[in-house]
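Subject: Handover of a structure and notes on its interior

Dear colleague,

Please find below the structure that I am handing over to you. My notes on it come after the display.

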Amino acid sequence: MTVEVPDLVVPVREGMVNQQLRYALRSWEAHLPHRRVWIIGYRPPWVGGVEHIPTQQAGGTKFQNTTLAMRHACQHPEISDPFLWANDDMFLMEPLDRMPMLHRGPVREVEQYYAARASGAYLRGMRATRQLLADLGHQDPLSYELHVPLPVRKAGMLRALDAGQGVEALHKRSLYGNLAQIGGEQIRDVKVMHRGPRFDRSTPFLSTMPDSFTNGEVGRMIRARFPSPCGYETGRP
């Protein structure tokens, strides 16, 4: 059964005050149509009015923890199908009627961008996921590794997670998007990683790093846009 207004599912790391989550929730309540919010992992004490699925995160990498959270979401009978998968640092700056399907363009181009700037588990996971997709017949796959919410259908994502077992830092959004052939519109990623004032203010989507949110112009703009507590806050610090 297709749900007209989907649930919003958010993986959250343990032990964080998480002011980014506070303002993300404010932005989602104001601008993103959804039925319920589900937090998977750690629920900060100030968060209320949400559903919560605790998970064991000790010893796992962030990639393993979010993959586990995704599997929990897909297997939980009360979470809508489809649902919206979001991170706690994604903000909606304008009202939407529904969340569109968005991608970042070919993985090969995104891989070139990261290879010129950094290395590490994320890039290795991107390459491993691209190779897995090629082995499965997708020679020029699209990247869905955007910092915006992703509409997810449970059966398709579970098939992707099963196919990607063994990949160290699985790019599960991209594996799912290509295997399920979800298509979508291409946009540039909206993550703002610096403190300065130069970023795209016309997009309805923004995402931050902890430093750019706390100390940067983008964080000041987001906090000014959503100054009032929302229904997902208890009033506790």
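The model is predicted, so local features are given only at pLDDT of at least 70 and side-chain atom pairs only at pLDDT 80 or more, while totals for chains, interfaces and linings use all residues. Residues are numbered from 1 along each chain as its sequence is written, and side-chain values use heavy atoms, with hydrogens and water left out.

**Nonpolar cores**

A nonpolar core is here a set of buried Ala, Val, Leu, Ile, Met, Phe, Trp, Tyr and Cys residues joined through side-chain atoms within 4.5 Å. Buried means under 20% relative accessible area, exposed over 50%, and partly exposed in between, with a 1.4 Å probe and protein chains only. The largest such core holds 38 residues, and Leu25, Trp28 and Ile222 touch the most other members. Two or more residues each come from β1 (7–12), α1 (19–31), β2 (37–41), β5 (90–92), β10 (205–208) and α8 (217–225). Of these elements, α1 gives the most, with five residues. Helices (H or I, at least four residues) and strands (E, at least two) are DSSP runs, numbered from the N terminus.

A second, separate core has 23 residues, including Ile53, Phe83, Trp85 and Leu170.

In α8 the buried residues are Val218, Gly219, Met221 and Ile222. They lie on the same side of α8, because they cover an arc of only 160° around the axis; the arc is that of the directions from the helix axis to the C-beta atoms. Their cover includes α1, β5, β9 (191–192), β10 and α7 (210–215). Ile222 itself touches Tyr23, Phe91, Met93, Leu206, Thr208 and Phe213, leaving aside residues up to four places away in sequence. Contact means heavy atoms within 4.5 Å.

Helix α5 (residues 154–163) has Lys154, Gly156, Met157, Ala160 and Leu161 as its buried residues. Viewed down the axis of α5, these fall within an arc of 165°, so they line one face of the helix. They pack against α2 (62–75), β4 (83–85), β7 (150–152) and α6 (172–179).

**Cavity**

A cavity is a set of points on a 1 Å grid over the protein atoms alone where a 1.4 Å probe fits but cannot get out, and its lining residues have an atom within 4 Å of a point. Grid points are joined across faces, edges and corners, and a volume is the space filled by probe spheres set on the points. The count comes to one cavity of 30 Å³ or more, and the largest cavity has a volume of about 60 Å³. Its lining includes Val107, Tyr122, Arg130, Glu145 and His171. The largest share of the lining, five residues, comes from α4.

**Single residues**

Lys191 lies in strand β9 and is buried, with a relative accessible area of 16%. Lys191 touches Asp89, His147, Ser207, Thr208 and Met209, again not counting residues up to four places away in sequence.

The peptide bond from Asp81 to Pro82 is cis, with omega near 10°; Pro82 sits in the loop between α2 and β4.

Gln181, in the loop between α6 and β8 (185–186), has phi near 50°, a positive value in a residue other than glycine. Gln181 counts as exposed, at 66% relative accessibility.

Yours sincerely

Note on methods
1 Å grid on protein atoms, 1.4 Å probe; cavity = no way out; pocket = protein on both sides within 12 Å on 5 of 7 lines; lining within 4 Å.
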